[in-house]
Amino acid sequence: MSRYSYDDMPPEGYREKRRGSGRMTAAIASIGVLLTLIAIIIYLLFTPHQENNESAVSVAESVTVNPVEPEIIESKAVIPVVAEEPEEEPEPIESRVSSAPSYEKASDKYQRIDFESHAVGEGETLLSIAEKYSLSSSTLVSVNKLSGAELSAGSILSIPPMDGTLCIVRSGDTLESIAAQYNPELSAADLAALNGKPYTAVYEGEEIFVPSPGTIENSSARMFSSPIPGGSVIARFGELVEGEAIEGVVIASSPGTAVSAAADGSVVNIFFHPRFGRSVTLLHENGYKTSYCGLETSNADTAQKVQQGDVIGTIGTSNEFFNEPAVVYCVEQYSVPLDPMNVTAF
């Protein structure tokens, strides 16, 4: 007999219902498992792990950090030194120059030209005064800024030692340009020396006298012989004797030594120098003069013609400024003192 009797048999459709209920239960269980897995995954992903944190902390605590001192790098850059600006000084007269060339020191070949003064007498004319001083009338007109040839008795004229032109420095003028225009034989340094200027700088309105070409010979082109061959030069041109500069050189030698003419010429003056004693002056060509001061004796006569090497006196002790027998030997050209060392073969 079968397990179920007819009466015990489930109703129709019972098995199908039971199967459907089992499937639903399985599906619900599967969904529950899936949800559980999703919850676990979410937990693992987003929930911090204490072990890991503790491990990380322990690792961090086990690392010792040693501070590193910064390295100082020495700079090799050169720091420029800024010079302090000097204090402003009073503006010198040379700052008024009409142009800005480089200044040059005055030549040592010449010294300042000295002018004479002439009081115009009754009946004197410009021509007669010019002839008296062996000058051209145009020189007197220029130097004295005359507007005409008529002169007033008693007026004072400046007389230069040679012909020339008095120039008034205008804007843009330099001694170079003035020399080039009026006497190319002279340099700017020569003009500075002839006008008593230490440098070639000029300023607008300044007066510059320019000797005419041919009136001043280059001093180096004329050589004299020593008036005392073998003598010793004990004082140079420009040195001070009793507070005054010597316009020559002092030559010492033994007493009685002959003093000779330095060049051909004529005796124009025999006099007693207030400082150096017995003296003789000779006139030579091209406006040169030589003077021999401090002679013990003199063999010269006024207007006497002499030749180079002729004895004009002897050395002695007539001067009171030197401790040994000595003669002061001077050279000038057109009244301009020259350094004898530059024109004499000692």
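# Pockets, salt bridges and helix faces in a predicted model

User: This model is predicted. H4 is followed by which residue with a positive phi, and near what value?

Analyst: The residue that comes after H4 is Lys145. Its phi is positive. The value is near 55°.

User: With which residue does Lys145 form a salt bridge, and how far apart are the closest N and O atoms?

Analyst: A salt bridge needs a side-chain nitrogen of Lys or Arg within 4 Å of a carboxyl oxygen of Asp or Glu. Lys145 meets that cut-off with Glu207. Their closest N and O atoms are 2.6 Å apart.

User: Where do Lys145 and Glu207 lie, and how many residues apart are they?

Analyst: Lys145 sits in the loop between helix H4 (137–144) and strand E2 (156–159). Glu207 belongs to strand E4 (residues 207–211). The pair links distant parts of the chain, 62 residues apart.

User: Is Lys145 buried or exposed?

Analyst: Exposed means over 50% relative accessible area. Lys145 has 53% relative accessibility. Lys145 therefore counts as exposed.

User: And what class does Glu207 fall into by relative accessibility?

Analyst: Buried is under 20% and exposed is over 50%, with partly exposed in between. Glu207 has 41% relative accessibility. Glu207 therefore counts as partly exposed.

User: How many salt bridges does the structure hold?

Analyst: One of them joins Lys145 and Glu207. Another joins Glu206 and Lys197, at 2.8 Å from N to O. The total for the structure is four.

User: Are Glu206 and Lys197 buried or exposed?

Analyst: Their side chains meet in a salt bridge. Glu206 and Lys197 share one class: buried.

User: Arg275 and Glu244 meet in a salt bridge. Which parts does the pair tie together, and how many residues apart are they?

Analyst: The N to O distance is 3.5 Å. Arg275 lies in the loop between E11 and strand E12 (277–283), and Glu244 lies in strand E8. The pair therefore ties together parts of the sequence separated by 31 residues.

User: What class does Arg275 fall into by relative accessibility, and what class does Glu244?

Analyst: Arg275 has 16% relative accessibility, so Arg275 counts as buried. Glu244 has 43%, which makes Glu244 partly exposed.

User: Which residues of H4 are buried, and why do they lie on the same side?

Analyst: The buried residues of H4 are Thr139, Leu140, Val143 and Asn144. They share a side of H4 because they cover an arc of only 110° around the axis. An α-helix has 3.6 residues a turn, so residues three or four places apart point the same way. The arc that places the H4 residues together is 110°.

User: What covers the buried residues of H4?

Analyst: The cover includes helix H3 (126–132) and E2. It also includes strand E3 (164–168) and, lastly, E4.

User: Which residues of helix H5 are buried, and within what arc do they fall?

Analyst: Helix H5 covers residues 175–182. Its buried residues are Leu175, Ile178 and Ala179.

User: What is the volume of the largest pocket, and which residues are closest to its centre?

Analyst: The volume is about 530 Å³. The lining has 23 residues. Those closest to the centre are Glu247, His273, Ser291, Cys330 and Glu332.

User: Which elements give two or more residues to the lining of the largest pocket?

Analyst: By class, the lining has 10 nonpolar, six polar and seven charged residues. The elements that give two or more residues to this lining are strand E8 (244–245), strand E11 (265–273), strand E13 (288–293) and strand E17 (326–333).

User: Which residues are closest to the centre of the second largest pocket?

Analyst: This pocket has a volume of about 350 Å³. Its lining divides into eight nonpolar, three polar and four charged residues. Of the 15 lining residues, the closest to the centre are Glu116, Tyr133, Pro161, Tyr334 and Ser335.

Notes
Residues are numbered from 1 along each chain as its sequence is written. This is a predicted model: local features need pLDDT of at least 70, side-chain atom pairs count only at pLDDT 80 or more; totals for chains, interfaces and linings use all residues. Side-chain values use heavy atoms; hydrogens and water are left out. On a 1 Å grid over the protein atoms alone, a cavity is a set of points where a 1.4 Å probe fits but cannot get out, and a pocket is an open set with protein on both sides within 12 Å along at least five of seven lines; lining residues have an atom within 4 Å of a point. Grid points are joined across faces, edges and corners, and a volume is the space filled by probe spheres set on the points. Helices (H or I, at least four residues) and strands (E, at least two) are DSSP runs, numbered from the N terminus. Ala, Val, Leu, Ile, Met, Phe, Trp, Tyr, Cys and Pro count as nonpolar, Asp, Glu, Lys and Arg as charged, and the others, Gly among them, as polar. Buried means under 20% relative accessible area, exposed over 50%, partly exposed in between (1.4 Å probe, protein chains only). The arc is that of the directions from the helix axis to the C-beta atoms. Contact means heavy atoms within 4.5 Å.
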